[in-house]
Amino acid sequence: MNDGSILAFIAILPFLGALVPGIMIRAGRNACASFTAVPTVLALILLGTQVPAVMRGEVVSTTIEWLPQLGLSASFFLDGLGLLFAGMILGVGLLIILYARFYLSGDDPMGQFYTYLLLFQGAMLGIVLSDNILLLLIFWELTSLSSFLLIGYWKHLPEGRQGARMALTVTGAGGLAMIGGMLILGNIVGSYNLTDILAQGDVIKASEWYMPALILILIGAFTKSAQFPFHFWLPHAMAAPTPVSAYLHSATMVKAGVFLMARMWPVLAGTDAWFYIVATTGLITMVLGAVIALFKDDLKGLLAFSTVSHLGLLTMLLGFGTKAAAIAAVFHIINHLTFKAALFMTAGIVDHEAHTRDIKRLGGLAKLMPITAIIGTITALSMAGTIPLNGFISKEMMLEEAAHTVWYNNPWIVPVLATLGACFSVAYSFRFIFHVFGGPVRDDYPSTPHDPPFGLYAAPALLTVLVVAIGAMPFLAEPLVTVAANAVTGLDTHPHLKLWHGVTPALWMSVIAFAVGGVLLAVHGKLDAIWLRMPRPEAKAIFDAIMESCVALAKAFAGGTHNGVMSRYLALLVVAAVAVGAHAYFTGGISAPTREILPVPPLVWVGWLSLVVATWLVVSQHRNRFRSLVFISIIGLVISGGFVYLSAPDLALTQISVETVTIMLLLLALYFLPKDTPAESTNGKRLRDAVVAIAGGGAVAALAMAFLTRDVDSISAYHLANSYKGGGGTNVVNVILVDFRGYDTYGEIIVLGIAGLTIFALMDALLRGPAAKRLRDRAFSPDRSRDRHPLMMVVATRAMLPMAVMVGLYIFLRGHNQPGGGFVAGLVISIALLMQYMASGFAWAQLRQRIEYHSMIGWGVIIAGLTGAGAWLAGKPFLTSAYGYLHFPPIEEFEWATAMAFDLGVFLAVLGAVMLMLYSLSRIARFAGETINVTPMDHDPSEAPEDGADEQEQKEGQ
Amino acid sequence: MEMIVASAIGVLTAGGIYLILRLRAFPVILGMALLSYAVNVFLFATGRLAVNAPPILNKYADVSYSDPLPQALVLTAIVISFGMTAVLVMIALGAYLEADSDEINMTDEDDAQDTEGQGV
């Protein structure tokens, strides 16, 4: 094995290239097409470098670990089958890029088209090169998604959208089934590596999970390859632009299913189940597709059903499970690609020139567009299986295999049906030739057709050359077919491809097919009339009905459970959580308590009692919103006290300052909300809620009690031991915040900042909506205080501001060694500032506020981030702190730590966020007609009392 | 002491749950506040209880300390829960001002309004 790392590069190239067309389209359509071709050509060249190795029978492979825990690795390998498909995907891809350049009109966004095309190309390449089935599944789903984009490319056409949706639904659902099948395979073998799985064919066939895996994988393959009864999506996908149809339905998308069956052939084929499921499905699809194709008037519809029929043929050959059939299948894959891609492009040219694809409106085009006619005729003849073209050889091989296949003890049924399929195949191929190109020239074409520019027919012409060349010199294709067939079967194959096999049963079957096919075309008019009268199941209607019932079912389910009653969801959530917990408690074991119970001093009883009473009051008095706010602040105070008692001074400081700002915030909000909650719940509902609440509370209390009385090993010992040595601080909580778990804290200040900005944005949006009008029309309660900014408070808060700031600074500076730090300091300073807002009024305080709160949040996060990044300069990980001691003679020894700068960031972010939140709420008040004060006091004692009052009244009257 | 803390957590949780099952936004906000208290104390208690053992290192004596890690986590949780309450309040306020009602349950009427104007 040689180094295959180049394979990963080949697989990734189209994805990288997909970024280019969107940019290059600005440079014009030619540039765009050329640059799209670059990754494809490059990948093709790189693939070419691997050809000699593969031809020698080597397998090129590479592995990049991705998620080894899941068995998922980015492994790629290239054997004969992979080479055949990769060559087809890239080669035809290149022709399609050229063809699409001339096909797409100026109105179509070409950049988008090429981007989708390359995405699809990359996904297909990934499928055929993957050596890991999980990776293969990812690419498999990617083809479904990218083909959805391609099929629905003409977004303005409803057929395009519906066709794309149908293709995605069918192939996507099949892909889901296949995931199941692949995982089963992986489980049987114990590896998700394709090469490992392929080596374990006997184990898999002997496993009792063989059948489920087989069925699930086949559902995936059949949906993708449009096998009966999933064939219906393919014709609807014809709403796509013709280059897409030519690409998806000749070389790639639908061949993915065939590829998968060929790939899995060594492990899955050869059993009765495989034969009866795969061969029978293929046979039915082949005959059915051929019959329907004959009666399609749309050129692309005809080709679509012919594709369905040929895919059926390939499936049937793989289903036979014999070496010779596998060789025939591989060879036919190549041949079908050459003639079908060319035929699709021909149909596109006809559509492009004559502005119609309706066969009944065409005819006589041979004289008007001779080059197109020659291309179309040769390739259609190959499709019919005419000697000496390539289609003939593989068809003979197919008939030969069918001729001696026994189906359920019956030697006739397969050959007869295969011949029947061949008859119709000949008929629709001839119809394509005679009804489009043959006959007299008409004068009622929607547009007078003539041969297109060279760019448009270059690609199909090249393919036509291949059709003839392979037909005349089949030995040219022999090496490729050999390595591919070897890869499929896992055995040594020696195909001898030749045009003339002598007079064999297969030749007679061909002769019959041509004779009957000719007759069928001759009587086509009458048959068509019968066909049109016959009741036929309309696949789209059935599909739509199924989809509709699924949607109705989903709606009924979602509507029934998701009915908008929030309180019910919450109740269910609580009940479910309690039930799960109770189950765990009663079924699992619990060890005996290990901790001694701490004694309870009397003061703690007082605190506990006030907490319980306050909670009861909040709950029972919640309808009086004002009062409940007072009670809830009692709870906060008791909890702060509890933190002090239980050795958590930092928490106590934080809790009490947060408590203050929370109550202020709620008070501000309550200003705009109704002051009372109406009684709406019935007694029954209240009782039910009480039961749910007590159950939930009891469960949490029991859980808390359970762990409180038991010991635990935690990682805290490490923090205690290293706080001073590593972080340079004696307050372990603060050192954890700014050092050990600084990354968490960094995230948290960002979250807090985002919350602040969210509130600001919400408020901004609110003031532009209908709420603004409602706010303006608000009537304020008449019994408001005349003296909104009382003298006492103004003077007191002003005097307190420097002190409060001093306290904040002190708390900040001591934080590393004593209780305090950035969080608490930020909160304390915000309270100091809030007091100014409350005492002296919003406008007065805002005028003196020089730094915007937004930028304060920003600076906080930046300072914290830069401090963390500073550690990189010292070659340490993000947020590693450094510290040392300074000694200024008059003052005592002073510690510095980089953690201090980080804490400064925390401080600024907290201050900015808290202030921004409250500022936002206050802005609503101003918007609602709150008068703006410019002086700190409403009632200035230095002025005459009456004047001030009058002035105030005037302002409010405005 | 353990019983006191556990029962306090239980009482706060029960009160919180009862309030979040109410039908108006304001009691739900109060309920969330009660639940925040309960959760914070609960998390704090996972470090187990200790009296007179603050996690401030003593350079001069070998003493025991309470578990600092839950304290550090709860400290940020307290601040974040303030942020969350603030966002909730703002959303509730916005909803009330826009809809002139602070009911939290959606009615069929709302559904009809929501689906109106949406393409099928």
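**Chains A and B: interface and salt bridges**

Across the interface of chain B and chain A, the rule finds 3 salt bridges. The elements of chain B that give two or more residues to the side touching chain A are H1, H2 and helix H3 (68–99). H3(B) gives the most to that side, with 26 residues. Before I go on, a reminder that this is a predicted model.

Let me stay with the interface. The contact takes 81 residues from chain B and 113 residues from chain A. About 8,800 Å² is buried between the two chains, and carbon and sulfur atoms give 78% of that area. As for polar contacts, 23 residue pairs are found across the interface, both residues at pLDDT 80 or more.

A:Glu680 pairs with B:Arg24, and the closest N and O atoms are 2.7 Å apart. Where do the two residues of this pair sit in their chains? A:Glu680 is in the loop between helix H30 (649–670) and helix H31 (683–708) of chain A, and B:Arg24 is in the loop between helix H1 (2–20) and helix H2 (25–45) of chain B. On the chain A side, A:Glu680 counts as partly exposed, at 34% relative accessibility. On the chain B side, B:Arg24 has 13% relative accessibility, and it counts as buried because the cut-off for that class is under 20%.

Chain B has 120 residues, and 62% of them count as buried. Its accessible surface comes to about 4,700 Å², with 58% belonging to carbon and sulfur atoms. Of the contacts in chain B with a separation of 6 or more, 55% are between residues 24 or more positions apart.

On to chain A. It is divided into domain 1, residues 270–522, and domain 2, residues 730–958. Taken over C-alpha atoms, the centres of these two domains are separated by 78 Å.

Back to charged pairs, this time over the whole structure. Side chains of opposite charge can pair when their charged atoms come close. Over all chains, the structure holds 18 salt bridges. One of them is between the side chains of A:Asp297 and A:Arg431, at 2.9 Å from N to O. What parts of chain A does this pair tie together? A:Asp297 lies in the loop between helix H15 (272–294) and helix H16 (299–320), and A:Arg431 lies in helix H21 (residues 413–436), so the pair ties together parts that are 134 residues apart in sequence.

Are these two residues buried or exposed? A:Arg431 is buried, with a relative accessible area of 1%. A:Asp297 is at 21% and counts as partly exposed, because buried means under 20%. The pair also belongs to a network of salt bridges, which links A:Asp297, A:Lys360, A:Arg431 and A:Asp528.

The last pair is also in chain A. A:Asp764 forms a salt bridge with A:Arg768, with the closest N and O atoms 2.8 Å apart. A:Arg768 counts as exposed, at 67% relative accessibility.

Notes: Residues are numbered from 1 along each chain as its sequence is written. Chains are lettered from A and ligands numbered from 1 in the order in which they are written. This is a predicted model: local features need pLDDT of at least 70, side-chain atom pairs count only at pLDDT 80 or more; totals for chains, interfaces and linings use all residues. Side-chain values use heavy atoms; hydrogens and water are left out. Buried means under 20% relative accessible area, exposed over 50%, partly exposed in between (1.4 Å probe, protein chains only). Contact means heavy atoms within 4.5 Å. Accessible areas come from the Shrake-Rupley method with a 1.4 Å probe; for residues, only the protein chains shown count as cover. Domain bounds come from an automatic or database domain assignment. A salt bridge is a side-chain nitrogen of Lys or Arg within 4 Å of a carboxyl oxygen of Asp or Glu. Helices (H or I, at least four residues) and strands (E, at least two) are DSSP runs, numbered from the N terminus. Buried area is the accessible area (1.4 Å probe) that two parts lose on being put together, summed over both. A polar contact is a pair of N or O atoms within 3.5 Å; within protein, one must be able to donate a hydrogen and the other to accept it, and residues adjacent in sequence count only if both atoms are side-chain atoms.
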